[in-house]
Amino acid sequence: MDMFKTGDVVKILIPNVVNAGYDYRLTAPADLGSFVRVSVMNRPYIGVVYGIGDSALPPEKIKNTIDVFPEHLSVADLQWIQKMSNWTLMTPGAVLRLIVNVPDAFSPPRMEQLYVYNHDDKIRMTDARQSVADAFASNDNDAMSISDIQNIAHVSGAVVRGMITHGALIPTVARRRETDFSQYQYHDMGNVTLNAEQSAAAHEICTAIDNGGFSVYLLDGITGSGKTQVYFDAAWRAYSRGASVLLMMPEIALTAQFMSRYERRFGAAPVVWHSNLTAARRREIWRGVLRGDIRMVVGTRSALFLPWQNLGLIVVDEEHDTSYKQEDMGNYHARDMAVLRAKIAGFPIVLASATPSAETLQNVADGKYKCLKLTSRFGGASLPKIETIDMRENRPTQYTLPTDADDAAPRAGYLSPLLCDAVHDTLAAGHQVMLFINRRGFAPIVQCKKCGWVAQCPDCSVGMTYHKHLGKLLCHMCGRTMTLPSQCPTCGNEISYRGAGLEKIQEEVSIKFPTARTALVSSDTILSRQALERIVHKMENGETDIVIGTQILAKGHHFPNLTLVGVVDADMGLFGTDFRAAEHTFQQLFQVAGRAGRGDAPGRVLLQTYQPDHPVLTAICDGNRDAFMATDMAARRVAKMPPYGQLIALIIEANKESTLKNFCAALAAAAPTANGVKIMGPIAAQIYQVRNWYRMRFLVAGDARTMLQPFVAHWLAHVRTPANVRVKIDVNPQNFM
């Protein structure tokens, strides 16, 4: 029987950032969590019934609901929304907006102008046009609107219009079809045999699923140990019992290798939820999950906010990955909110990683999480040998471009003789090489040799990076591009390029290994999953000898013939201002090292460094992760940094410096005091200007037992925020820029 009847006044939560619920009169019976359509200031919204109305308004002032739908969120989901709001200090409406993020989910498919990709057209394929082709491929070649094409392919309207004119895109007026999700019915194909460690881990998780109730398991396995097949076992157990399953992973881990592994195990392709879906596909998946027609999804962090029915298991793969921290539409950590959701609804959750985060390891130490270890590589492959190259003693040699190049002067190299010898020997043996440098572009600094002028973004307080393949300067904060000047705009003298990005490493490789076939992998060169898969396919087929890449290469890939990994600049992340710098550097380098020696041939990893005795690097070489993390966490305990303390950052932004400083002064003056709470700031943010908005920061610190959220909420409630000021709240921040 419905909880509320027609005519009752109820509180409706609206998916926007400014509300905690408005009162409406029901036009049909409803339950807590029922989806309804209402109007707010003549704008339609899909909201949910959130509780009993408490309005003091006279009855004639209370609006009626427009529609009441049979679909609903569970009471546990409503509790999760409220608790997530309390923790992140987002409003409940802002949390609901993460769930109700498909505006036309309750409307029938509409007629609209769509386009299909003409595979037979012989148009010349530029990078932008290839991105359009990839956008169609990533959406099963369904018809797409112009806005979908631009958003998914990240191209301009001019590119799309040009392809329409040429006939590469064919217009069609059609109604979006409803997908039949009956094909997404899964079976355990029985084609995987787990080893003893894997079987023991899978059995424990499956037993927890059978018993019911909340529990958290850390699946702590070295790279290549077969963690995926263990949590596939758990996923099948929950699915076969009628529950829904979410397999959550970082965007860059959604590879064709994973998809094919999934299909081999379960007999059908996965339903995939990520940022590059068409509006129609998002609608179909959202509705399919809401109706219970879709019960298993592989997705990025936003998949957590699908309207799940009877969710019975969440797996967070690569749980340490920083991409689980959302910093755009509200600040939350998807891993932590997944644990919260599992706790409220009462089901198990699995966190998988070869390099678990400090927070997760501490929860294991405290007995809150159960640790399941996988200590050997699946199939008997051995771990690679990891060594450092002391760059103080092994200086890179110079190289010179061909005589017909614009600049044939000798150039500073970045690859040491020892690394070059190892590359030569590896190629001679018929094996493949990966060179890792986590810096995009060709040169991060463009500077005048005489007057010192530096190319800087006019909208952000950061330098612009020279990207050779674009032939332009690019701001990595706002994406602005500028033409590379032929000479210094201040004094007219010659400009120079300082530092090295992966394009510069490719240039050096092309001179020192002229017959080697190379490939670049970064977010600038890989604009779609299909583009990445083309490179992966070439690696698997032996069509690439040396792959040069950024962190996109650090995880999720299995190349059996890759036996050498060279890290060009292992020192890059060691000395950041973030207290997590050492942890993140260890995780990244350990993951990169794990790409080597995954087949029959043994692997080797060489770390170029000027700090060979640094604790991070010695721990990696010794394979002693636990000792390193114990030392790192002991330092945090002394400093009362997470996980032994709490931090909340307040990032204040304004479009005028005077407004920013005046508001920060008012906020500082209104700061309350409390035992065990310390307020630091305001100080200028490390990146003071972004997209012409000026930024300052406060940092609120407390010990692990102190609840800082009520303190911060009370503080902000006593200061009026001007319309041209933005206040962002970041609980336990990952980014201190």
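Biologist: What makes strand S3 and S5 count as a pair, and in which sense do they pair?

Modeller: This is a predicted model, and in it S3 (residues 34-40) and S5 share three bridges, in the antiparallel sense. A pair needs at least two bridges, so they qualify.

Biologist: Which residue stands opposite Val-68 in S5?

Modeller: That's Val-36.

Biologist: What is the order of the strands in the open sheet?

Modeller: The five strands run S2-S1-S4-S3-S5, with antiparallel pairing.

Biologist: Why do S2 and S5 stand at the edges?

Modeller: Strand S2 (22-25) and strand S5 (67-72) each have a single partner strand, so one side of each has no neighbour in the sheet. Neighbouring strands here are turned by 50° against each other on average, direction ignored.

Biologist: How do you know that helix H1 packs on the sheet, and which strands does it touch?

Modeller: H1 (residues 75-88) touches strand S1 (9-13) and strand S4 (43-52). Its direction makes about 100° with that of S4.

Biologist: Moving on to helix H5 (residues 157-166), which residues are buried there?

Modeller: Gly-157, Val-160 and Met-163 are. Buried means under 20% relative accessible area.

Biologist: What puts them on the same side of H5?

Modeller: They cover an arc of only 130° around the axis, so they share one side. In an α-helix there are 3.6 residues a turn, so residues three or four places apart point the same way.

Biologist: And what does the face turned away from the buried side carry?

Modeller: The exposed residues Arg-161 and Thr-165. Just after H5, Gly-167 takes a positive phi of about 95°.

Notes
Residues are numbered from 1 along each chain as its sequence is written. This is a predicted model: local features need pLDDT of at least 70, side-chain atom pairs count only at pLDDT 80 or more; totals for chains, interfaces and linings use all residues. Side-chain values use heavy atoms; hydrogens and water are left out. Buried means under 20% relative accessible area, exposed over 50%, partly exposed in between (1.4 Å probe, protein chains only). Helices (H or I, at least four residues) and strands (E, at least two) are DSSP runs, numbered from the N terminus. The arc is that of the directions from the helix axis to the C-beta atoms. Axes are lines fitted to C-alpha atoms, for helices over the stretch in contact, and angles run from 0 to 180 degrees between N-to-C directions. Contact means heavy atoms within 4.5 Å.
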